[in-house]
Amino acid sequence: MDKISLFFKRMTLNPKLIFLIDGLGALLSTFLLGFVLIELQNLFGMPAEVLHFLASIAGIFALYSFICAFCINKNWRFFLKIIAIFNLSYCILTFFLVYANQIFLTNLGVIYFSIEIIIITILALFEIKLASLDLS
């Protein structure tokens, strides 16, 4: 078994770990958007209302992922697909909000949101792949 297959097998044996990773990432996004970027709004340029909105969504996703990590024992693949779809939807929403507010954004703001979209998209695609695999 190659290293990638072994990694996926280990993750399917402990699916709570991917929910914890997702939840911690969403919690980090909540903190960055809701506190750091708000305090440094002039450096990033995104309007505060948009930052609060995105932080609220990220907070809800964090709560969902943590609930799944601690409460879901069966049918975890279904719940993982849900958060993956939510994550991809969040990326699309963020892209459109960046586009709609591009006149306000600084280069640092564009870089921050681009990196966030890339990281979350990679995580969501990983979650979809993990939820779809049967490595038993």
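Me: Let me start with a cysteine: is C71 buried or exposed?
Reply: C71 is exposed, at a relative accessible area of 53%. Exposed means over 50% of that area, buried means under 20%, and partly exposed falls in between (1.4 Å probe, protein chains only). Residue numbers start from 1 along each chain as its sequence is written, and this is a predicted model, where local features need pLDDT of at least 70 and totals for chains, interfaces and linings use all residues. Side-chain atom pairs count only at pLDDT 80 or more, and side-chain values use heavy atoms, leaving out hydrogens and water.

Me: Nice. Which cysteine sulfur is closest to the one in C71, and how far off is it?
Reply: That would be the sulfur of C68, at 8.2 Å, which is too far for a bond.

Me: How many disulfides does the chain have, then?
Reply: The count comes to zero, taking a disulfide as two cysteine sulfur atoms within 2.5 Å. In general, a disulfide is a covalent bond that joins the sulfur atoms of two cysteines.

Me: And C91, is that buried or exposed?
Reply: C91 is buried, with a relative accessible area of 4%. So C71 at 53% counts as exposed, while C91 at 4% counts as buried.

Me: Let's zoom out. How many helices and strands are there?
Reply: The chain has six helices and zero strands. Both come from DSSP runs numbered from the N terminus, with at least four residues of H or I for a helix and at least two of E for a strand. Along the sequence, the pattern reads α-α-α-α-α-α.

Me: What share of the chain is buried?
Reply: Of the 136 residues in the chain, 40% are buried.

Me: Can we look at a loop? Where does N75 sit?
Reply: N75 is in the loop that runs between helix 4 and helix 5. N75 is also exposed, with 51% relative accessible area.

Me: What about the phi angle of N75?
Reply: The phi of N75 is positive, about 60°, although N75 is not a glycine. For background, most residues other than glycine have a negative phi.

Me: New topic: where is P15, and is it buried or exposed?
Reply: P15 belongs to the loop between helix 1 (residues 3-13) and helix 2. With a relative accessibility of 14%, P15 counts as buried.

Me: How far apart are P15 and E127, in sequence and in space?
Reply: In sequence, P15 and E127 are 112 residues apart, and from C-alpha to C-alpha they are 10.0 Å apart in space.

Me: Now helix 2. Which residues does it cover, and what can you tell me about F35 there?
Reply: Helix 2 covers residues 16-39, and F35 is found in it. F35 is exposed, with 52% relative accessible area.

Me: One more residue, A62. Which helix holds it, and is it buried or exposed?
Reply: A62 is part of helix 4. At 2% relative accessibility, A62 counts as buried.

Me: What separation do you get between A62 and A26?
Reply: Their C-alpha atoms are separated by 4.9 Å, and A62 and A26 are 36 residues apart along the chain.

Me: Great. Can you recap the buried and exposed ones for me?
Reply: Happy to! Among the buried residues are A62, C91 and P15.
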